[in-house]
Amino acid sequence: MIILEWLGLAESAALLSLSAPGWGSNLLRGLANSLQIAFGAFGMGLIIGLFGAYGKLYGGPVLRDLLAIYTTVIRAVPELVLILILYYVGTDLINKAAALMGYGRVEISGVVAGIWVLGIVQGAYATEVLRGAILAVPPGQIEAARAYGMPALMTMRRVTIPAMMAFATPGLANLWLIATKDTALLAVVGFNELTLETKQAASSTRAYFTFFLAAGGLYLMVTLCSGAVFARIEKWARRGQPSLREGRS
Amino acid sequence: MPSAALADQAPPTAQATATQRAAVQVEDLHKSFGNLEVLKGVSLTAKQGDVVAIIGGSGSGKSTMLRCINFLETPSAGKIIIDGEEIEMRADGSPANRRQIERIRTRLAMVFQSFNLWSHRTLLENVIEVPVHVLKQPRAEAIAKARKLLVRVGLADKEEAFPAFLSGGQQQRAAIARALAVDPGVMLFDEPTSALDPELVGEVLTVIRDLAAEGRTMLLVTHEMRFAREVADHVVYLYQGRIEEQGPPAEVFGNPKSERLQQFLKSVS
Ligand SMILES: Nc1ncnc2c1ncn2[C@@H]1O[C@H](COP(=O)(O)OP(=O)(O)OP(=O)(O)O)[C@@H](O)[C@H]1O
Ligand SMILES: [Mg+2]
């Protein structure tokens, strides 16, 4: 306390305190919402990406064209615009559909909407990351699975997906970090994630510097923790690959 | 589950008699890639316990023939009969019955030129993969058997190693252990030593020689003529997608009739 006082930070500490009148708990609630959406969107992106990658590699011409349009459009349009489009068009469509089926207005949860919107964006990038990773798996390994009588789905589960993880983890780690930061864009549609909570706290107290610095610190902590987790995942995924640094034994 | 397993074990087609049934019978096999006709009617029989060596120049269709036998390539025309069971084909040569192919493939263990071990699995995991997941054998049993096989190919101390950390010779011996783990009726070798440094060839040939001696049925594509002569019961010389000459090794190597085979043998020795 005395040190904070001496540094002139006592006021900031009070503002960030977890108990009222501090705004700390609001910020943490925003962070929790952000992480929840990032998790959901990343997971949804992985699922879309897996189907997208397989579709692009092995699908028929129609499916391949559709996927090409999906990945190109999503990656070409700025995320902020996409979020506005997907959010308003999405909620509008759902309400129209609900009206057609004779329901009233549907209240769409912000978390679910956020996950869908960001998930569709993530899916486009994940499609490309996973397609590249599948292509990097030596074809002989997939052929060996076929040659020993593995059905297609088992080959995918037992050989292709684990083998491609070695090549996919760096790209997926990037996607995860993008997902955590893209949640901030949801502030424009009024969703209470970390950035919007911060903005509200800041404008009510006029302590812009304190709150945005605190939010930046929280985002940084998420990044650092994610980095540590992904480093472990990558080490595991690359367990069969000789490391470049140590050279071959 | 048991009924499905029984249904899977369809009885072999009638034309085969139990006693003198060919392990592999290929009849008038054709294969084209686009306009390029690579196999122009190849027929070949390997009896139980036979070692058939397939030799020929580069691009003569040896690999393609081997790969057609387990349908890694779909033949354009012809018949493939494995242990008396004919593989059902559509008019375009594609397999008509995916389950039949998958079942037959587990009896035809393939050893590849580039080993093709699964890089994210240890040697032991590579060897038990098919027994546990495809053949649904109990894991403990599969592990016990895999350890014996790894001892047999001289890799007892490497079961926890990942393939990329081993020499080519060690990887190929592990690939042979993986093949043996399925108790194959027929082993298909596609130039198993061609990707190896010369000093590593011997250790792999020693393992294959052992397998030949214990009466395994094998189809062996090889450029090692001396080895083919030593282990084969029957030698087939392919030239531009046709069998130019075949017979016992003493005949084919000692007294080749076809001029092309004479040329070929001169060029490789
Ligand atoms: N997937 C494919 N698509 C097109 N052409 C192919 C394909 N696979 C093989 N071929 C062609 O078929 C011919 C025979 O190839 P194959 O691999 O069977 O020869 P090989 O006898 O095994 O030769 P090598 O000793 O070099 O291995 C070659 O001309 C090759 O270019
Ligand atoms: Mg070949």
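Predicted model: local features only at pLDDT ≥ 70, side-chain atom pairs only at ≥ 80, totals over all residues.
Residues are numbered from 1 along each chain as its sequence is written, and chains are lettered from A and ligands numbered from 1 in the order in which they are written.

Colleague: What area is buried between chain B and chain A?

Modeller: The size of an interface is often given as the accessible area lost when the parts come together. Buried area here is the accessible area (1.4 Å probe) that two parts lose on being put together, summed over both. Carbon and sulfur atoms give 53% of the area between chain B and chain A, and the total is about 2400 Å².

Colleague: Which three residues supply more than any other three of the area that chain B buries against chain A?

Modeller: Together they supply 26% of the area that chain B buries against chain A. They are B:Trp118, B:His120 and B:Phe165.

Colleague: Which residue of chain B forms a salt bridge with A:Arg158?

Modeller: A salt bridge is a side-chain nitrogen of Lys or Arg within 4 Å of a carboxyl oxygen of Asp or Glu. The count between chain B and chain A is two. In the one formed by A:Arg158, the closest N and O atoms are 2.7 Å apart, and the partner is B:Glu129.

Colleague: How far apart are the closest N and O atoms of B:Arg98 and B:Glu102, and is each residue buried or exposed?

Modeller: Buried means under 20% relative accessible area, exposed over 50%, and partly exposed in between (1.4 Å probe, protein chains only). B:Arg98 is exposed at 55%, whereas B:Glu102 is buried at 12%. The two are four residues apart in helix α3 of chain B, so about one helical turn separates them.

Colleague: Which parts of chain B does the salt bridge of B:Arg260 and B:Glu244 tie together?

Modeller: The closest N and O atoms of B:Arg260 and B:Glu244 are 3.2 Å apart. B:Arg260 is partly exposed at 40%, and B:Glu244 is partly exposed at 29%. The pair ties together parts that are 16 residues apart in sequence, namely helix α10 (residues 259-268) and strand β10 (residues 242-247) of chain B.

Colleague: In which sense do β9(B) and β10(B) pair?

Modeller: Two strands pair if DSSP finds at least two bridges between them. Strand β3 (residues 51-56) and strand β9 (residues 234-239) of chain B are parallel over five bridges, and B:Ile55 stands opposite B:Tyr237 in β9(B). The five bridges of β9(B) and β10(B) run in a sense that is antiparallel.

Colleague: Which residue takes a positive phi in the hairpin of β9(B) and β10(B)?

Modeller: This hairpin has two residues between the strands. The positive phi, near 45°, belongs to B:Gln240.

Colleague: Which are the edge strands of the four-stranded open sheet in chain B?

Modeller: The sheet has the order β2-β1-β4-β5, with antiparallel pairing. Nine bridges join strand β1 (residues 22-33) of chain B to β2(B), and B:Val24 has B:Ala46 as its bridge partner in β2(B). Each edge strand pairs on one side only, and the two are β2 (36-47) and β5 (85-86) of chain B.

Colleague: Which residues is A:Thr169 in contact with, leaving aside its neighbours within four places in sequence?

Modeller: A:Thr169 is found in helix α8 (residues 152-182) of chain A. With a relative accessible area of 2%, A:Thr169 is buried. Its contacts beyond those neighbours are A:Phe230, A:Ile233, A:Glu234 and A:Ala237.

Definitions and conventions:
Heavy atoms only, no water. Contact = heavy atoms within 4.5 Å.
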